Amino acid sequence: MTTIEKLQIQGIRAYSPHEHQVIEFYKPLTIIVGQNGSGKTTIIEALKLATTGDLPPNCKNGQNFIHDPNLLTTMEVKGQIKLRFRTADGKAVVCSRI
């Protein structure tokens, strides 16, 4: 069975474009808890984007999903998602979406 090990998020919604956040997944179960607006849904949507390439609903061309540079008065968008998982035969794989 394929297993997810780590998810790295940078510059997606409320996650900072200047530093990455790493979420580790544990066997047999990882529970994601937090207050409203703390990024729980963003983690799930980042997993979906990393695995399928599909943006969340109502996010035309990444708007409202990728960090908005206008909020920080910068011209560059730094959004990245990296997912590390192990295949059924134990091979480590990293996929990245920029």
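**A friendly chat about a predicted model**

Modeller: The accessible surface of the chain comes to about 6,900 Å², and carbon and sulfur atoms account for 52% of that area. Do keep in mind that this is a predicted model.

Colleague: Which element gives the largest share of the largest nonpolar core?

Modeller: That core has 14 residues, and L7, I9, I43, I81 and L83 touch the most other members. Two or more residues each come from strand 1 (3-10), helix 1 (40-52) and strand 3 (80-86). The largest share is five residues, and the element that gives it is helix 1.

Colleague: How many residues apart in sequence are the parts tied together by R86 and E5?

Modeller: E5 counts as buried, at 16% relative accessibility, while R86 is partly exposed at 33%. R86 lies in strand 3 and E5 in strand 1, so the parts that this pair ties together are apart in sequence by 81 residues.

Colleague: And E45, is that residue buried or exposed?

Modeller: E45 forms a salt bridge with R13, the closest N and O atoms being 2.4 Å apart. E45 lies in helix 1 and R13 in the loop between strand 1 and strand 2, so the pair ties together parts that are 32 residues apart in sequence. R13 is partly exposed, with a relative accessible area of 28%. The relative accessibility of E45 is 15%, and under 20% counts as buried, so the word for E45 is buried.

Colleague: One last thing, about the surface: is L29 buried or exposed?

Modeller: L29 sits in the loop between strand 2 (21-24) and helix 1. Together with I31 and V33, L29 forms a nonpolar patch on the surface, with about 370 Å² of accessible area. The cut-off for exposed is over 50%, and L29 has 60% relative accessibility, so L29 counts as exposed.

Notes
Residues numbered from 1 in each chain as written. Predicted model: local features only at pLDDT ≥ 70, side-chain atom pairs only at ≥ 80, totals over all residues. Heavy atoms only, no water. Core = buried A, V, L, I, M, F, W, Y, C linked by side-chain atoms within 4.5 Å. Buried < 20%, exposed > 50% of the residue type's maximum accessible area, 1.4 Å probe, protein only. Helix = DSSP H or I, 4+ residues; strand = E, 2+ residues; numbered from the N terminus. Patch = residues over 30% accessible without salt bridge, like charges linked within 9 Å, V, L, I, M, F, W, Y side chains within 5 Å. Areas by Shrake-Rupley, 256 points an atom, 1.4 Å probe, with all protein chains shown as cover. Salt bridge = Lys/Arg side-chain N within 4 Å of Asp/Glu carboxyl O.
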